[in-house]
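Hello,

Here is the structure I promised to pass on. Please open it alongside this note.

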Amino acid sequence: MNQKQLSALKKNNEESRLFTRNCITAALIVLLNKEKLENITITRLCNVAGVSRMAFYRNYNSIDEVLVDKITEYAMRLASQVGTDIYNNWLIIFKETDKDRQMFEILIKLGVEYKIHDVFMSLLPKGEENRTIQAMWLTMFYTLSVKWIKEGKPKKIDDAARIAYKYTKNIPLISSIE
């Protein structure tokens, strides 16, 4: 097999892996809309996802890991978009939260929305000087996003961002603390 074929095979495998993970995640969300997490078996999840148990275990060790993976995907989308404009950051936070509203609503219904905060904290760089301010901002992002989903007010993303900005605009960002 030449290098070009090997590269194409690796790309195909990665796309297949991503597709399988997306099917599993989507199936879990469908099932969580109908029943409690503790009632969902891996076999049932695999049947709904249309994947084998082997495919599940090639990607995940547990159903909880599927949830953590979905939350991590959300956190990484946020991390790739936020910058130094606090108002714009709030807009991004609420827009991305709205995109994952169904996940948030399910986690809240299950009483495990704290997993979002846990994932945020696990992604903080170890030993970095600004870890405290990063943790504070992440906690605010988490708290206001969950509160917004729970209460549904204000309805508009722009209004939610404006209110959050009003109370956080004087808190320094990481880049301005050094």
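What follows covers the overall build, the cavity and the salt bridges.

This is a predicted model, so local features need pLDDT of at least 70 and side-chain atom pairs count only at pLDDT 80 or more, while totals for chains, interfaces and linings use all residues. Residues are numbered from 1 along each chain as its sequence is written, and side-chain values use heavy atoms, with hydrogens and water left out.

Overall build

The protein has nine helices and zero strands. Helices here are DSSP runs of H or I with at least four residues, strands are runs of E with at least two, and both are numbered from the N terminus. The C-alpha atoms fill a box of roughly 55 × 45 × 30 Å along the principal axes. Of the 178 residues, 39% count as buried. Buried means under 20% relative accessible area, exposed over 50%, and partly exposed in between (1.4 Å probe, protein chains only).

The cavity

There is one cavity of 30 Å³ or more. A cavity is a set of points on a 1 Å grid over the protein atoms alone where a 1.4 Å probe fits but cannot get out; lining residues have an atom within 4 Å of a point. The largest cavity holds about 60 Å³, a volume being the space filled by probe spheres set on the points, which are joined across faces, edges and corners. Helices α1 (3-32), α4 (63-81) and α6 (101-110) each supply at least two lining residues. The largest share, four residues, is from α1. Lys-70 and Met-103 are among the lining residues.

The salt bridges

The count is 15 salt bridges. Each is a side-chain nitrogen of Lys or Arg within 4 Å of a carboxyl oxygen of Asp or Glu. Which residues form a network of them? Lys-70, Glu-73, Arg-77, Glu-96, Lys-99 and Asp-100 are linked this way.

Asp-100 counts as buried because its relative accessibility is 7%. Arg-77 is partly exposed, at 21%.

Arg-77 also meets Glu-73 in a salt bridge, 3.5 Å from N to O. Both lie in α4, four residues apart, about one turn of the helix. Glu-73 is partly exposed, at 36% relative accessibility.

Best wishes

Conventions:
1 Å grid on protein atoms, 1.4 Å probe; cavity = no way out; pocket = protein on both sides within 12 Å on 5 of 7 lines; lining within 4 Å.
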